[in-house]
Amino acid sequence: MPATRPPDGKSEGKTMEIVLAESLGFCMGVKRAVDMAYRAIEKSDGRPVVTLGPLIHNSQEIERLQKDGISVTDEDAIPENSTVIIRAHGVTPQAFEALKSRGLKIMDGTCPYVHYSQRKALELYEAGYTVVIAGDRNHPEIRGILGYINDEAYAVKTVEEAQALANLDRVGTIAQTTISPKKYQAIIDVLRAKSRELKVCETICDATEENQKAIRELSAEVEMLYVIGGSHSANSNKLVETAREKCPRATLIETAGEINAEDLRGVNRVGVSAGASTPDWMIQSVVERLREISVRLANPR
Ligand code: F3S
């Protein structure tokens, strides 16, 4: 997105420049699942629309979805006759079949990148490789993938965990879509030394990397930078961490209301980025708040 200039051309003092990261906010997979949920409610004819677990890690967007009639539930509490949205992380094939057998209407919001990982894991498994997943076994995406291969895989979150594995024969690797390429490479290097044959599948998604790349560039050009995202969102926290390498004042905020105008006194350029679960309307409200502050600071009464 392009840099936005202050709207008030008539301001007396110098206003602050607000610059958006070239890539920020919703990734394709989350956007697709959220759009799907809104489409489902339009076509529901009054039937309940539920998502299996939160569609995204963003409480404000979850609230908004709830207001529009889309509620979060788990497998045991799905009302009859519901339309069920599968979230971008995907589910196990067993869970999918169980929903189908209950006669529920299913809309599959599984991200295409996650579908690709599921397929790759199955291909490796069927070809007789020992599957090693670089990622967190308890993450919903990985739990879903494990369902495709009878839970028969190692999952390693760190290089140390990879080092702790015994020597293996034919190893096939996939990565959690959101793991850093650097960490995946380090885990691959360890596995290469431990296995007779190693087949590496590239399953990291570019979306988070694009936001990372954009914030790296932006952080070198601004004095202050706000990352909009949930405090528990690993993806948003990672953006802040990256931004702080060049812009030590980079700050994570959940909403526009958390911006303290005093922190911006004397700032000429402020940057804005957002985690992959942050909807556009929240980014817009932060930009609006920064514009107001900018005009106020430039025109003290
Ligand atoms: Fe899909 Fe990548 Fe988003 S895997 S859900 S596009 S972070």
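Biologist: By class, how many nonpolar, polar and charged residues does the shell around the ligand have?

Modeller: Good place to start! Keep in mind that this is a predicted model. The shell has five nonpolar residues, two polar ones and no charged ones. The residues around the ligand are Cys27, Gly29, Ala88, Cys111, Tyr113, Thr177 and Cys205.

Biologist: Where does the ligand sit?

Modeller: Here is the general idea: rolling a probe the size of a water molecule over the atoms shows where empty space is left. In this structure, the ligand sits in the largest pocket, which holds about 1200 Å³ of space.

Biologist: How many residues line the largest pocket, and which lie nearest its centre?

Modeller: The lining has 45 residues, and nearest the centre are His139, Gln176, Thr178, Ala234 and Asn235. Several helices give two or more residues to this lining, among them H1 (28–42), H4 (112–126) and H9 (234–246). Helix H8 gives the most, with four residues. By class, the lining of the largest pocket has 18 nonpolar, 19 polar and eight charged residues.

Biologist: Let's turn to the strands. What is the order of the open sheet of four strands?

Modeller: Reading across, the order is S1-S12-S10-S11, and the pairing is parallel. Strands S1 (17–20) and S11 (251–253) stand at the edges with a single partner strand each, so one side of each is left without a neighbour in the sheet. On average, neighbouring strands of this sheet are turned by 25° against each other, direction ignored.

Biologist: How many bridges join S1 to S12?

Modeller: Four bridges join S1 to strand S12 (residues 269–274), and the two run parallel. To find one of the partners in your viewer, look for valine 19, whose bridge partner in S12 is glycine 271.

Terms used
Residues are numbered from 1 along each chain as its sequence is written. This is a predicted model: local features need pLDDT of at least 70, side-chain atom pairs count only at pLDDT 80 or more; totals for chains, interfaces and linings use all residues. Side-chain values use heavy atoms; hydrogens and water are left out. Two strands pair if DSSP finds at least two bridges between them. Axes are lines fitted to C-alpha atoms, for helices over the stretch in contact, and angles run from 0 to 180 degrees between N-to-C directions. A residue is near a molecule or strand if one of its heavy atoms lies within 4 Å of it. On a 1 Å grid over the protein atoms alone, a cavity is a set of points where a 1.4 Å probe fits but cannot get out, and a pocket is an open set with protein on both sides within 12 Å along at least five of seven lines; lining residues have an atom within 4 Å of a point. A molecule sits in a cavity or pocket if more than half of its atoms lie within 2 Å of its grid points. Ala, Val, Leu, Ile, Met, Phe, Trp, Tyr, Cys and Pro count as nonpolar, Asp, Glu, Lys and Arg as charged, and the others, Gly among them, as polar. Grid points are joined across faces, edges and corners, and a volume is the space filled by probe spheres set on the points.
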